[in-house]
Amino acid sequence: MLADIVDYLACPVCRDGLRLTGGSLRCGQGHGFDVARQGYVSLLTGSQAPGTADSPAMVAARADFLAAGHYAQLAGALAEAVHEHASLAAAVHERAPLPADAGGHEAGGGRRGPVVVDAGAGTGYYGAAVLDALPGATGLAFDISKHAVKRAARAHPRMGAFVADVWKPLPIGDAVADVVIDVFAPRNGPEFARILRPGGRLVVVTPSKEHLSPLVEELGLLSVDEAKEHRVAESLRGFEEVDTRAVRFEMPLSRADVAKVVEMGPSAWHKDPDTLHHQIQKFPEWTSAVASFRLSIFESAAESRPSS
């Protein structure tokens, strides 16, 4: 699938366009990035290992939890919102040839379907749901965890995956994305604005205060702070929120499910595994927990202002 997305990528060293040559991606300046046998490529630069990347255990727990369908309603709501706004964006900005990439080549070979970028994609679960709702769309999934990206590379036949850091300049060309989705991931507003086409949409999903109640209280998990919405807005200066939706549902969870939902999230860095196990063993066989999210759709603030 890397062959289908390489024209949308940019060298993380020099910003030149990339080409797939043999088993690596290479730019005109000679920088090369080997493709892993699992079909993904790392576009991280420098020798320092990422300190916030999800571990193999966290990724495995997330894959199991999502495969069980616990967040299927969220994936469906996200796909529906993207479908609606991608259609609107297409009406605002008629499909046209992509601009030339950094190396002076016409990216994408002319007219093409929508391009969806899944930022901080994890296993690619949400990006795959969006692509299912957008026939003919192409997906670019990236995450800082290579363990997650290995799974994202297999998540959907129209999705290519690579390792990248959302906090750094993204190895993606200018104005290539029709939609950027960001589900529980950090947000790099200036870079998202750069890679979005005119009329494109940014869709952000964050947990609400009620999320995972009563597990948060009973297990002492990290909670959503009161300033979450403010921090999201601050990180997305230059964007205007044009739509917001609340997604809330109850989840019946077994003890094993409870363990996985803790092990896949940020609380995994703070909970002692033995303590967590003993706490969960005191739970009934099935526990009801709340899933509660805020789904927000943004566009460029300049585009949202009426013309004078």
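Let me start with the contacts of the chain, where contact means heavy atoms within 4.5 Å: among those between residues at least 6 apart in sequence, 66% join residues at least 24 apart. This is a predicted model, so local features need pLDDT of at least 70 and side-chain atom pairs count only at pLDDT 80 or more, while totals for chains, interfaces and linings use all residues. Residues are numbered from 1 along each chain as its sequence is written, and side-chain values use heavy atoms, with hydrogens and water left out.

The chain has eleven helices and eleven strands, these being DSSP runs numbered from the N terminus, with helices taken as H or I of at least four residues and strands as E of at least two. Of its 308 residues, 50% count as buried, which here stands for under 20% relative accessible area, with exposed set at over 50% and partly exposed in between, using a 1.4 Å probe and protein chains only.

Three strands form an open sheet in the order β1-β2-β3, with antiparallel pairing, where two strands pair if DSSP finds at least two bridges between them. Because β1 and β3 stand at the edges, each with a single partner strand, one side of each is left without a neighbour in the sheet. From one strand to the next the twist averages 25 degrees, with axes fitted as lines to C-alpha atoms, for helices over the stretch in contact, and angles running from 0 to 180 degrees between N-to-C directions.

Taking the pairs in turn, β1 (residues 18–21) and β2 (residues 24–27) are joined in the antiparallel sense over four bridges, among them those that link T21 to S24 and L20 to L25. The hairpin of β1 and β2 has two residues between the strands, and G22 there takes a positive phi near 65 degrees. β2 then pairs with β3 (residues 32–34), again in the antiparallel sense, over three bridges, and R26 has G32 as its bridge partner in β3. In this second hairpin four residues lie between the strands, and G30 in the turn has a positive phi of about 95 degrees.

Is D54 buried or exposed? At 17% relative accessibility, D54 counts as buried. Its side chain makes a polar contact of 2.9 Å with the side chain of R62, a polar contact being a pair of N or O atoms within 3.5 Å, where within protein one must be able to donate a hydrogen and the other to accept it, and where residues adjacent in sequence count only if both atoms are side-chain atoms. Leaving aside neighbours within four places in sequence, D54 is in contact with V59, R62, S145 and H147.

A75, in helix α3 (residues 72–92), is likewise a residue to look at, and at 6% relative accessibility it counts as buried. Beyond its neighbours within four places in sequence, A75 is in contact with Y125, Y126 and A129. The C-alpha atoms of A75 and V130, which are 55 residues apart along the chain, are separated by 7.8 Å.

Finally, the aromatic residues. How many aromatic pairs does a search of the whole structure find? It finds eight, where rings of Phe, Tyr and Trp (its six-membered ring) pair if their centres lie within 6.5 Å, and planes under 30 degrees apart count as stacked, over 60 as edge-to-face and the rest as tilted. One of them is the stacked pair of F142 and F162, at 5.6 Å centre to centre and 20 degrees between the planes. Since F142 lies in strand β6 (residues 138–143) and F162 in strand β7 (residues 159–163), the pair ties together parts that are 20 residues apart in sequence; F142 and F162 are both buried.

The rings of F184 and F293 have their centres 5.6 Å apart and their planes at 35 degrees, so this pair is tilted. F184 lies in the loop between β8 (177–183) and α6 (189–195) and F293 in strand β11 (residues 286–300), so parts 109 residues apart in sequence are tied together. F184 is partly exposed, with a relative accessible area of 38%, whereas F293 counts as buried at 2%. F184 and F293 belong to one aromatic cluster that also includes F65, Y71, Y125, Y126 and F249.
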